[in-house]
Amino acid sequence: GIIVALNNACEVVMTDQEEEGQLDWTQHNIDICGHAVPNCTTAPLDWSIGNPSITSQEWDIIVGCDLVYNEAGVELLPRLLATLLRPRTAFYYSHTRYRYEDSDMTFLRNLKSSGLTCREVWLKGTEPPPTSPAPMTQVFPQKRIVTWRITKGEPREGESENIEVADHSPTDTVVFGDDDSDE
């Protein structure tokens, strides 16, 4: 969040739970940067109950990384995203794929059943990431970082969902910076 705030003139709200000091630690990290990030604030967000000051707003972009690492996240994050995302909002989520393979599969199914579309994206001009193996076919699948673009509803015209829950094999690709072009 701080990097986004430092590189954009937009408003950045960093969220976390209030218990056990997570939100205080986030605020501490912002404070260390001093006046460099006046556009960066914090707000509490418990995924199980939401926060109207966050969920009632229409956000342009939501960014997250390594948020799903237990059963609660697998269930609660898709429900929260279904509330947060609007038709023009994109959630860019970086995730360590195959750290918990069964959880990945359940998370992707839960996104789909919540009316969300999930597509793997990467930087324009870079090589596409390797194709994912079929789930549960390797004893120790190679972990890799993926970035998914998660949106509400069906893909826009000309787009297709490229994360297939059945086999996790991409069927279409998108790169950052190429969403609105005809290439």
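Are Arg144 and Glu120 buried or exposed?

What we have here is a predicted model, so local features need a pLDDT of at least 70, side-chain atom pairs count only at pLDDT 80 or more, and totals for chains, interfaces and linings use all residues. Residues are numbered from 1 along each chain as its sequence is written, and side-chain values use heavy atoms, with hydrogens and water left out.

Okay, the overall layout. The chain has five helices and seven strands; these are DSSP runs, H or I of at least four residues for helices and E of at least two for strands, numbered from the N terminus. Reading from the N terminus, the order goes α-β-α-β-α-β-α-β-α-β-β-β. Of its 183 residues, 42% count as buried; buried means under 20% relative accessible area, exposed means over 50%, and partly exposed is in between, using a 1.4 Å probe and protein chains only. Among contacts with a separation of 6 or more, 78% are between residues 24 or more positions apart, where a contact means heavy atoms within 4.5 Å.

Now, confidence. The mean pLDDT of the chain is 80, and 83% of residues reach 70 or more; pLDDT is the predictor's confidence in each residue, from 0 to 100. Helix α4, residues 71-84, has the highest confidence at 95, while strand β7, residues 174-176, has the lowest, with a mean of 31. Over residues 160-183 the pLDDT stays under 50, and the model has 67 contacts beyond four places in sequence for that stretch.

Back to my opening pair. The structure holds one salt bridge, meaning a side-chain nitrogen of Lys or Arg within 4 Å of a carboxyl oxygen of Asp or Glu. Arg144 makes it with Glu120, and their closest N and O atoms are 2.9 Å apart. The pair ties together distant parts of the chain, with Arg144 in strand β6 and Glu120 in strand β5 (residues 116-123), 24 residues apart. And there's the answer: both of them are buried.

Thr147 is buried because its relative accessible area is 17%. Its side chain makes a polar contact of 3.0 Å with the side chain of Ser94. By polar contact I mean a pair of N or O atoms within 3.5 Å; within protein, one must be able to donate a hydrogen and the other to accept it, and residues adjacent in sequence count only if both atoms are side-chain atoms.

Most residues other than glycine have a negative phi. Glu20, though, has a positive phi near 60 degrees. You'll find Glu20 in the loop between β1 (12-16) and α2 (22-32), and it counts as exposed because its relative accessible area is 81%. Asp66 also has a positive phi, near 45 degrees. Asp66 is in the loop between β3 (61-65) and α4, and at 31% relative accessibility it counts as partly exposed.

Last stop, Phe140, in the loop between β5 and β6. So is Phe140 buried or exposed? Exposed, because its relative accessible area is 74%. Phe140 and Glu101 are 39 residues apart in sequence, and their C-alpha atoms are 9.8 Å apart in space.

That's my tour, happy to take questions.
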